[in-house]
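This report looks at how the parts of a protein model are arranged and where they touch.

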Amino acid sequence: MKLQRKSGLRALTVGAVAITGALVLSACGSDDNSGSTPSNSASSSNSASSGTGSNAAGISCATGKLLSSGSTAQQNAIESWVKDYQQACSGATINYKPSSSGEGIIDFNNGTDAFAGSDSPLKPEEVAKSKSVCTGGTGINIPMVGGPIAVGYNLPGVNNLVLNASTLAKIFNGKISTWNDQAIKALNPGVNLPSTKIQSVHRQDDSGTTDNLTKYFKGAAPADWPYEHAKAWAAKGGQAAAKSAGVAALVKQTEGSIGYFELSYATASQIPTVKINTGAAAPVEATTANASAGIAQAKVKGTAPDLALDLSAAYTTKADNAYPIVLVTYEIACDKGNKADTLALTKSFLNYIASDAGQAKLTDAGYAPLPTAIATQVRTTISALS
Amino acid sequence: MTTTAPPPTTPEPHRVARTVSRPGDRIFAGMARGSGILLLIVMAAIALFLTVRAVSAISKDHGNFLTTFEWTPSLNPPVFGIAVLAYGTVVSSVIAMAIAVPIAIGIALFITHYAPRRLGGPIAYVIDLLAAVPSIVYGLWGALFLVPHLRGVNLWLDDYFGWTYIFHKQDPNSAARSLFTVGILLAIMILPIITNVSREVINQVPKMHEEAALALGATRWEVIRLSVLPFARSGIISASMLGLGRALGETMAVATVLSASPVLSARILDPVGGTFSQNIVAKFGEADDFGRDALIASGLVLFLITLLVNGAARMIIQRRKEYSGANA
Amino acid sequence: MDAKQASGRPASPRLASRHLPRWSPPAIAAGAIVAAVAIGAGAGLSSHIQWGLIALALFVAGSYAITARVEGRRQARNRVATSLVWSSFILAVIPLYSLVETTISKGAGIVDGTFLSHSMNNVLTIQPGGGVYHAIIGTLEQVGIATVIAAPLGMLTAIYLVEYGKGRLAKWVTFFVDVMTGIPSIVAGLFILSVWFVAFNKAPASGFAGSLALALLMMPVVVRSTEEMLKLVPNELREASLALGVPKWRTTVKVVLPTAVGGITTGIMLAIARIAGESAPIALLVFGSAAINTNPFKDPQSSLPYYIFEQYNNGNQPSYDRAWGAALVLIAFVMILNLIARLISRWKAPKAGR
């Protein structure tokens, strides 16, 4: 008799677990975060107006779910776009996984993503691979988000550091190893530089940010950067950290360190950034406005519909207030042969983010909008996606 | 007469069960057997998959898989090797074991022999619970709390033991994101596991042995040294091996704490190096098909190492006579 | 007490050997601390950890010297062992306490009704807000499915090993269960990923893929614990049942299993607690999602450990706060499962084991 009661117990516990699960499932969980915190409501009031009249905001809605992944450089931009889009368009779920440019392209070429975000345009072999997921077409680069790559440093007592391309390249290549090196002193007259060793911090994962920084080194100081530009860090020495966030956190923690990341990470963690001596009248600070001026020099080098940009003019610019270390992140989608079930949503979302309203959001988030000429081409390309 | 009576009784039930073969019996036995076979198939499948893909990756490796430092399967031609990973895995695990095993034995003895009885129970219980703290939480704590707080310890080691070279910190300013920190974090993670198992083993030491030693006038330490530790030795070793297995395969806690780079340094305070599983989780996202195969190859090596360690632990346990009520 | 034991030695020249008074260890400790503070302050050592280490060394050395003088070498060694055991305990308590304390103090501020009932949908990661609801759902479903797969299979395998297993097959199964116990979780994730690619020709991005990997990790644990528990069931019970003419399968189901049910359930709960904290395979398999997805078979999900990893990677203060909050929720979840398991095992422990 006692034994029988016990045999029911197993079923009972399994049942209990299931019931607990079901209870939680049916509890009032919510995706609606619009009013959950005061700090959100400030920015959502902005989008509430667009939500009430979606036409007014220029969002023509589509529904469904789509997956996308890639660059962390555009994470904050995409998040605020996704938020506005989803609030305006009920029934649309856009899942952007901020992993890395490399991972985004892999996911795209595996057929997981509807579009990918990447800081570097597709390489020829990646284009070739994309043909297997784009029936009848290929993956194309659509420039979308511009921004400065800030070089942040941690030197207590020094908050106005000026460097140029050559010194930066030497620092990251380990050729300059102390902060009171002659080359740094020459650029910062009157600044009391400590004799601390320089800790250069770089990305341990493959990163489009690394790619763009090394492109800049290669473009502006080829003699001091003996490596090819690449997503993987090629130089020896220095400390590695995962993702831009990891680099920023490490710079924040470590005295005497210097690292590179998107401007938003510097702002968020209050890390001072290096001003670049480009040869212009005054050293240029990493700001969105200055980056826009840099990006304005960009030219489209891809053949339509591919809009890969050539930023080499920006790297060597001597124009006043034009920040040279810039990156433009691309959205990567198929020109033809996008997956049928996500095509409408992809086009609708990309249309919104390339629109004037969408691009206007960028400055708030620490990014630079596209130059008008390029933005027009982008919109044409997006509306032709099929 | 009484001695001849038992033998027929034991085989009899089996014979009854076998002769009257009922469908229920056959179905149930089949299910039990089936799930055993399924498990075998799954394992074989894992082994086969990993091996096939690993071999195909290694055969295309233009570096030496065992001695190359870099992990760049995306290059053309691909070059990747496990030297740094194997070194990092072994070093961090050895550090973890060197710290965790003595302390774990200490705690186990503390709970069983030193703590006031009213304290021992709750402490054992709390340590039991700590064994269940997920590794990602250790990783979070390690990266956000332990790393900043270990800087001082690192500098201190560098100051006083820098002459050993092992504890020389090449760059005193660099963050404590080193194999040494990883080792400490792993030690903290495996401490509860080793403690738990050791404590249970020590609890099984026959009270008679200890009382006999006490009766001979042994001090508490002599009791432990002469009657507790010899009895529990194999159990403690296998507990340590279990902990080692955990440390070798640990992923997230290492990935959040270590500054990985393809550099092999005997100076354990330098923020360089890598481990197998850290490398997999860090490189996996950006890996294409071939890169994944390469990572699988490294996973296979980790698998083999873990297998060896666990096998050794199992053999040590097996040597002790196992008590079984059923199939004795 | 030791002194009393020692005094009972017939070989001792005196009946009552000299021994230190009871208050001597605290006195030596106090002396060591005072001396360490004096040395530390005198030598200008800034780190208080060093002060502590000096105090500890002084205490061990001092108690050895004093005891050796008064009570003899054996007692002195005993004292040193005692202080080492105590200090190893204290050494271990510090980080473990710090871990729990940090998680609770940083997590408690953020865990509230909103945090538990909201997802990260439409939340900018650089701002505070949002919650873990979607991750809790993901964890519950993935762990649930893993349990549904692994628990019956594991139990049946254990029954096979204990009740039927003889010969080569059983040996192989035992061996491979051991092998499986040692699979690093990341390797299990890689395996499922490879199979998924072969089977569906695309990367997995669903909770189900994650639960398959979790099931792989859970199965050997269930087999092991169930096996141990079944072995504890006395043969007399089986024989009595069989002697009554009950078929073997009914004996197993109605007599053996119920006797061991407490231990088996405990084992399963502990296995669940173990896999609930797994993040490595999840990171490879479920893609992650900011919105609630209650369907584990379609579209990406999140999970608590993955959520922590994700928020950690965002690398800003609001995200760190959320990570601590989620860590607290996860620890609470795992601890509750542990507590339940322990209660069941105490309540239903096999009484006839001896």
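The model is predicted.

## Domains of chain A

Chain A is split into two parts: domain 1, made of 64-146 + 298-308 + 328-384, and domain 2, spanning 148-296. Their C-alpha centres are 28 Å apart.

Where the two domains of chain A meet, domain 1 contributes 21 residues and domain 2 contributes 19. On the domain 1 side, the elements giving two or more residues are α4 (101-109) and β12 (326-334) of chain A. By residue class, this side of domain 1 has 12 polar, 8 nonpolar and 1 charged.

## Contact between chains A and B

Between the chains, 21 residues of chain A are in contact with 15 residues of chain B. Three elements of chain A each supply at least two residues to the side that touches chain B: α4, β7 (239-241) and α9 (243-253). The chain A side consists of 10 polar, 6 nonpolar and 5 charged residues.

## Annotated segments of chain B

An unreviewed UniProt entry lists "transmembrane region" for residues 36-59, 79-111, 123-147, 179-198, 247-269 and 294-313 of chain B.

Residues 36-59 of chain B are 100% helix and 0% strand in the model, with 34 Å between the end C-alpha atoms. Residues 179-198 of chain B are likewise 100% helix and 0% strand, and there the end C-alpha atoms lie 27 Å apart.

Technical notes: Residues numbered from 1 in each chain as written. Chains lettered and ligands numbered in written order. Predicted model: local features only at pLDDT ≥ 70, side-chain atom pairs only at ≥ 80, totals over all residues. Domains from an automatic or database assignment. Contact = placed C-beta atoms within 7 Å. Helix = DSSP H or I, 4+ residues; strand = E, 2+ residues; numbered from the N terminus. Nonpolar A, V, L, I, M, F, W, Y, C, P; charged D, E, K, R; others polar. UniProt positions renumbered as here; feature names shortened; annotations may be inferred.
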